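Here is a brief report on ring contacts and strand pairing. The sequence and model come first.

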Amino acid sequence: MSMKNLLFPVFLLIGHSILLTACQRDSAKLPEDVEERINLVENSIQAEGRKWTIDQRMEALKIPGVSVGVIHNYKLDWAKGYGLADIKQKREVTPSTLFQAASISKSLTGVGLVKLAQDNKVRLDEDVNQYLKSWKFPYNEITGNDKITLNNLLSHSAGLTVHGFRGYKKGRPVPTVLQVLNGEVPANNEPVRSAEKPNTRMQYSGGGTTVAQLVAMDVSGKDFNAFMKDEVLDPLGMKSSFYRVPNESEQLNLATGYLYDKTEVPGKYNIHPEQGAASLWTNPSDLAKYIIETQLSLRGQSSKVLNQEFTRKRLTTIKDDAALGVFIHSIGKAKYFQHSGANEGFRCLYIGDFDKGNGVVIMVNSENNKIIPELLLAVAQVYAWDGYSDSGIKLSQEKLKEYEGFYQAAFNSDFFLQMVATEKGLMLRQLWDGREIVFEAQSEFEFFNKEMQFPLKFSRDAKGNIAEVLAFNRDVWKRDPTFQPVVKKVINLSPEQLKLLEGKFRVKNNKELVAELTAKEGHIHVRQLWDGGELILVPESELSFFVKDNPYRTVKFIRDSKGNVVEIIAFGREVLERVE
């Protein structure tokens, strides 16, 4: 995903710094007692400028249940459940509770397809139509003479459509794999087709993973769940995991999915015939076995499924940071492999390092995933992961000012960033929405934001000046010294005009998020009732305002035919409706 997609689907009015102040443990010794380690993680969540316990954070974010598994020194150090797997049944989350792993399914699918290559049943760099029997990929004028390979499909570099899948409600018709690929009723997706030439760029496509799923089925002669069970899950010891629809006897061990406001997903969860892309049911303990085996195989110390050669292939990036069913990122000299997942009612993430045998799996039965990066950082800090502790590098304000300026996206000339030196580090401001993100130095040219796992790497031109920045290891932004920033003038509105804008407004697609607006002298004061965040809006016209000190974060008031304010459009993307 490009940086223009970094917008959280939450109405974030408050402009607080994202730079974390999590406890530093890089010089401290890890407690020998596992209970002490668990206690440190549970009580070290940093958010909104203060420390939380995991229970407090779950309550504040309205997250029913969380399951965590922590890997240390190539072993599962501990696994624990928190909260409720099902609210109505008052059923608690345990380490064995199964969650929908959503797109994490793609990582295990990648292992299965690479195993076919290791067994000489497919080649990763050959046209997939050589292996497809029940269906052929319909090449067209877009692909020309370029062929799509398993390397392309598993690394999202095939140039295919269909980013993700919504799933199907229980009791409704469920399409076959071929109907999904062709976009035929009852499938709820468009056909999986070429949108651009393969190898052009990384373009995430669950549709491409579904093509890979069919390759596995056609080559093995098995349904996909049986193939994955025989070739991947059982050899890894993931005895609780499966890619099929749960049977009746398993229902009481499943987490129920919930929307942002704790509304239960109809039928408790959706069904995904796109098994390779989204249907895995598992838990952190089982996923930890996959992570540990990957780490050991990479060292040549285990080969339960893949040997060292093919594990290295699976973890080698094809395009940008995408490898085969997994994403690779670096923080300084440390390398990590990871994948996240998002099905309706479920969110999850796993991450493992290349060299030290550390990792974590976090799964929640909620669409609110905010606790996931917070827990990740708590674990990384407590266990002193490379790159996640304080780098010890503190650049002076004079040095940071070398990076200041405006940068234009190489992939889209309409997008600009501003880099600003601050006391907390180097601040990136997205000019299209005013979002501000603070980075700490990892080296003279490398910066990192731990919460978003967001790296920046700067480079100089021939004259020694900072000329461009590489974001997320894939998006290039070129410094533009001619760019003129927006200059806005604050106007004066009467108390009566400001009074007309007062009231409570809630996010249209999330009734739980309500903001209260109050008229003050010369401005509108905003208070986010869900977290207490505050900010000041100043007027540039009667109905158009912007955040004080950040002219790129605009708020527009919308009137009805009677002249009453009924809606707000915040930052060009969120609609809030007045609460009567």
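A charge sits over a ring if NZ of Lys or CZ of Arg is within 6 Å of the ring centre and within 35 degrees of the ring normal. Arg57 meets this over the face of Trp52, at 4.6 Å from the ring centre. Arg553 places its charged end over the ring of Phe571, 4.0 Å from the centre.

This is a predicted model: local features need pLDDT of at least 70, side-chain atom pairs count only at pLDDT 80 or more, and totals for chains, interfaces and linings use all residues. Residues are numbered from 1 along each chain as its sequence is written, and side-chain values use heavy atoms, with hydrogens and water left out.

**Aromatic pairs**

Rings of Phe, Tyr and Trp (its six-membered ring) pair if their centres lie within 6.5 Å; planes under 30 degrees apart count as stacked, over 60 as edge-to-face and the rest as tilted. The structure holds 22 aromatic pairs. Among them is the edge-to-face pair of Phe137 and Tyr139. Tyr204 and Phe327 form a stacked pair.

| Pair | Centre to centre | Angle between planes | Class |
|---|---|---|---|
| Phe137 and Tyr139 | 5.2 Å | 70° | edge-to-face |
| Tyr204 and Phe327 | 6.4 Å | 15° | stacked |

What does the pair of Tyr204 and Phe327 tie together? Tyr204 lies in the loop between helix 5 (177-182) and helix 6 (206-220), and Phe327 lies in strand 8 (residues 327-331), so the pair ties together parts that are 123 residues apart in sequence. Helices (H or I, at least four residues) and strands (E, at least two) are DSSP runs, numbered from the N terminus.

Burial uses relative accessible area: buried is under 20%, exposed over 50%, partly exposed in between (1.4 Å probe, protein chains only). Tyr204 and Phe327 are both buried. Phe137 is buried, at 3% relative accessibility. Tyr139, at 21%, counts as partly exposed.

One aromatic cluster is formed by Tyr290, Phe337, Tyr350 and Phe354.

**Strand 3 and its partners**

Strand 3 (residues 65-72) is mostly covered, with 7 of its 8 residues buried. Two strands pair if DSSP finds at least two bridges between them. Strand 3 pairs with strand 4 (residues 75-86) in the antiparallel sense over 8 bridges. Ile71 stands opposite Leu76 in strand 4. The hairpin of strand 3 and strand 4 has 2 residues between the strands, and Asn73 takes a positive phi near 55° there.

Strand 3 also runs antiparallel to strand 11 (residues 359-364), joined by 6 bridges. Here Gly69 has Val361 of strand 11 as its bridge partner.
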